[in-house]
Amino acid sequence: MSSAVTYLAKNALVEFKAEQTFASRNLLAAEDLRDGIRLLPLALTLGWLDIRLRYRGSVLGPFWLTLSTGVMVAALGYLYAGIFHTDVHDYLPFLALSMVLWAFLSTVVGEACLAFTEAEGVIRAVRMPFFLFAIRILVRNILVLAHNVVVIAVVYVVFRLWPGWHLLLAIPGLLLWSADSLAIVLLLGGFCARFRDIPPIVASVMQIAFFVTPVIWKPEQLGSGVKLLPLNPFFDLVDVVRTPLLGGMADANVWLGAGLYSAALIAVAWLFFTRARGRIAFWI
Amino acid sequence: MSDAQILVEDISVFFPLYHASARSLKKTVMAAASGRLGKDKQRRVVVQALRDISFELNGGDRLGLIGSNGAGKTTLLRTLAGIYEPVMGRVRVQGSLNALLDASLGMNMELTGRENIMLRGLYNGLTRPELERLEEDVAEFAGLGDFLDLPVRIYSAGMVVRLGFALATAIRPQILLMDEWILAGDAEFMERARHRLEAMVRSAEILVLSSHDIGIVRAWCTRVMWLDQGRIRADGPANEVADAYAGPEPELAAVEVAG
């Protein structure tokens with residue numbers, strides 16, 4: 001006979017009052033974040049399983065991503081180098097990094113919209129910290145990014161490019177990206193669950209952003225307008241990671257922009273989340 | 001470890017119908033028919049799922065929730081589980097809690113049985129050695145053999161129930177919230193399952209069970225709350241309330257409302 005029930009569920013004290021003060025809202029939201037971090041092994045597993053299930057039964061698995069990114073970078077690299085009359089040795093590494101980094105940003109934003117609605121089954125069955133789903137989305141996109149790094153490595157080898165110690169300068173940028181990704185999930189995840197018209201709007205904003213941000217075109221091509229580019233938050237965020245990876249150093253203005261926009265995003269996300277947290281289960 | 005306690009003071013839970021026209025016309029119509037459509041302060045249409053509910057449960061209490069479909073039984077369980085936060089009143093739940101509300105929690109049809117066991121353990125915050133013991137325990141009870149390494153998608157319905165049941169009953173809480181799905185299953189399996197379920201129910205300090213099966217409620221609960229349209233219609237000793245709800249003959253009532 002099986003020993004049957006063996007494990008004690010974790011002890012807890014849960015208290016909700018309808019009348020909440022500013023402080024109690026913030027405390028509950030902070031507890032959500034803390035509990036989410038405690039469930040890190042679960043978030044890692046969920047993120048990893050998401051990727052595995054997406055490519056279940058395929059021979060190359062997630063390396064299809066690598067392959068398709070590689071083919072696209074090669075094709076677009078030579079084509080646009082011709083169209084823009086620039087040297088392919090200069091343009092293609094730029095494009096490869098831009099495409100890989102942009103894919104991360106736009107996928108995180110897109111998936112953020114569905115973060116809570118796609119987890120509806122779990123959210124309505126058991127009390128789970130919402131931050132868990134934010135970490136899950138960050139994890140799975142980091143895994144995708146890791147597969148695309150192969151493309152970058154090939155480009156470095158083919159074009160004999162090595163950024164050297166500048167590589168390390170990309171780390172603060174990537175940390176900033178992680179914080180922004182978590183914040184945008186808490187913001188858009190709840191907002192999109194409440195208002196079902198938001199996901200299409202977000203998708204079209206991201207598409208416009210792709211064209212107005214130097215992703216396939218280089219900032220220098222803008223001429224005198226280049227000074228205004230730091231006003232575009234997407235440019236700042238892409239540039240703080242891309243420039244070090246190309247062996248340069250991001251401008252102080254760009255860092256300032258990236259920092260300010262990120263601080264604003266995190267503040268808005270926090271204010272929204274503290275108010276929305278208790279309502280998300282009703283919205284999905 | 002502190003004693004388990006549930007304290008509910010004047011809670012009301014309203015469901016706002018934000019996506020009413022697009023997603024839940026049916027819900028609107030049904031709510032209108034049962035006279036439970038109202039408007040909140042911001043003049044949004046809401047369904048009043050629970051209204052002015054108060055009660056207190058201490059160690060040793062076994063509460064049965066009865067009432068027709070849509071009376072608010074599941075909403076009350078979800079509120080106690082901390083999934084829905086009330087718009088009015090106060091809920092205080094002290095003690096470890098396991099809510100068996102949905103058989104498919106964490107069960108992903110595309111994953112293997114073994115992976116599902118691991119996920120369930122992670123949802124409960126178990127550590128690596130605990131996960132291994134959980135796997136042994138669930139594997140032994142579910143008796144799936146080599147199927148454990150195949151995707152749940154290809155299991156027969158009975159195998160899915162066995163796995164779901166083994167998972168649900170593997171983690172022992174102080175406060176056990178149970179919806180009636182757990183009691184569904186074929187007779188032969190229930191015979192085996194009953195032992196395990198009853199062990200879990202006995203070890204819980206507080207049980208809240210929602211069921212249509214008056215027989216089960218009479219057998220397991222010491223106190224019964226009859227919910228009607230989101231309000232408490234009766235609350236008292238199990239047999240008294242069950243009699244008022246279903247008439248004195250338990251066999252007849254159980255047959256009538258089973259399922």
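What is the handedness of the crossing of α2(A) and α6(A)? The crossing of α2(A) and α6(A) is right-handed, a crossing being right-handed if the near helix is turned clockwise from the far one by less than a right angle, and left-handed if anticlockwise. The structure is a predicted model, in which local features need pLDDT of at least 70 and side-chain atom pairs count only at pLDDT 80 or more, while totals for chains, interfaces and linings use all residues. Residues are numbered from 1 along each chain as its sequence is written, and chains are lettered from A and ligands numbered from 1 in the order in which they are written.

Chain A contains 11 helices and 2 strands; helices (H or I, at least four residues) and strands (E, at least two) are DSSP runs numbered from the N terminus. Along the sequence the elements of chain A follow the pattern β-β-α-α-α-α-α-α-α-α-α-α-α. Along the principal axes, the C-alpha atoms of chain A fill a box of roughly 70 × 50 × 35 Å. Of the 284 residues in chain A, 37% are buried. A residue is buried if 20 or more other C-beta atoms lie within 10 Å of its own, exposed if 12 or fewer, and partly exposed in between, with C-beta atoms placed from the backbone. Among the contacts in chain A with a separation of 6 or more, 76% are between residues 24 or more positions apart; two residues are in contact if their C-beta atoms, placed from the backbone, lie within 7 Å.

Two helices of chain A that pack on α6(A) were examined. Two packed helices are described by the angle between their axes and the distance between the axes. Axes are lines fitted to C-alpha atoms, for helices over the stretch in contact, and angles run from 0 to 180 degrees between N-to-C directions. The axes of α2(A), residues 40–54, and α6(A) come within 8 Å and cross at roughly 45°. This angle makes α2(A) oblique to α6(A), given that angles under 35 degrees count as roughly parallel, over 145 as roughly antiparallel, 65 to 115 as roughly perpendicular and the rest as oblique. On the α2(A) side the contact includes Leu40(A), Leu44(A), Trp48(A) and Ile51(A), and on the α6(A) side it includes Leu132(A), Ile135(A), Val139(A) and Leu143(A). The residues of the contact of α2(A) with α6(A) divide into 12 nonpolar, 1 polar and 3 charged. Here Ala, Val, Leu, Ile, Met, Phe, Trp, Tyr, Cys and Pro count as nonpolar, Asp, Glu, Lys and Arg as charged, and the others, Gly among them, as polar.

For α3(A), residues 63–83, the axis comes within 8 Å of that of α6(A), and the two cross at roughly 40°. α3(A) is thus oblique to α6(A), and the crossing is right-handed. Phe63(A), Leu65(A), Thr66(A), Thr69(A), Gly70(A) and Val73(A) of α3(A) meet Val144(A), His147(A), Asn148(A), Val150(A), Val151(A) and Val154(A) of α6(A). By class, this contact has 7 nonpolar, 5 polar and no charged residues.

Within α3(A), the residues Leu65(A), Thr66(A), Thr69(A), Val73(A) and Gly77(A) are buried. Their cover includes α4 (88–114) and α6 of chain A. The 21 residues of α3(A) should span 30 Å at 1.5 Å a residue, and the end C-alpha atoms are 30 Å apart, which agrees; the expected span is 1.5 Å times one less than the number of residues. Just after α3(A), His85(A) takes a positive phi of about 55°.

Most residues other than glycine have a negative phi. Arg160(A), in the loop between α6 (131–158) and α7 (166–194) of chain A, has a positive phi near 45°. Arg160(A) counts as exposed, with 7 C-beta neighbours inside 10 Å. In chain B, Gln229(B) has a positive phi of about 50° although it is not a glycine. Gln229(B) is found in the loop between β10 (223–228) and β11 (231–237) of chain B and is partly exposed, with 18 other C-beta atoms within 10 Å.

Two phenylalanines of chain A complete the description. Phe272(A) lies in α10(A), residues 252–276, and is partly exposed, with 18 other C-beta atoms within 10 Å. Leaving aside neighbours within four places in sequence, Phe272(A) is in contact with Leu187(A), Gly190(A) and Phe191(A). Phe272(A) and Gly190(A) are 82 residues apart along the chain, with their C-alpha atoms separated by 8.4 Å. Phe195(A) is found in the loop between α7 and α8 (198–212) of chain A and counts as partly exposed, with 13 C-beta neighbours inside 10 Å. Phe195(A) and Met249(A) are 54 residues apart in sequence and 40 Å apart in space, C-alpha to C-alpha.
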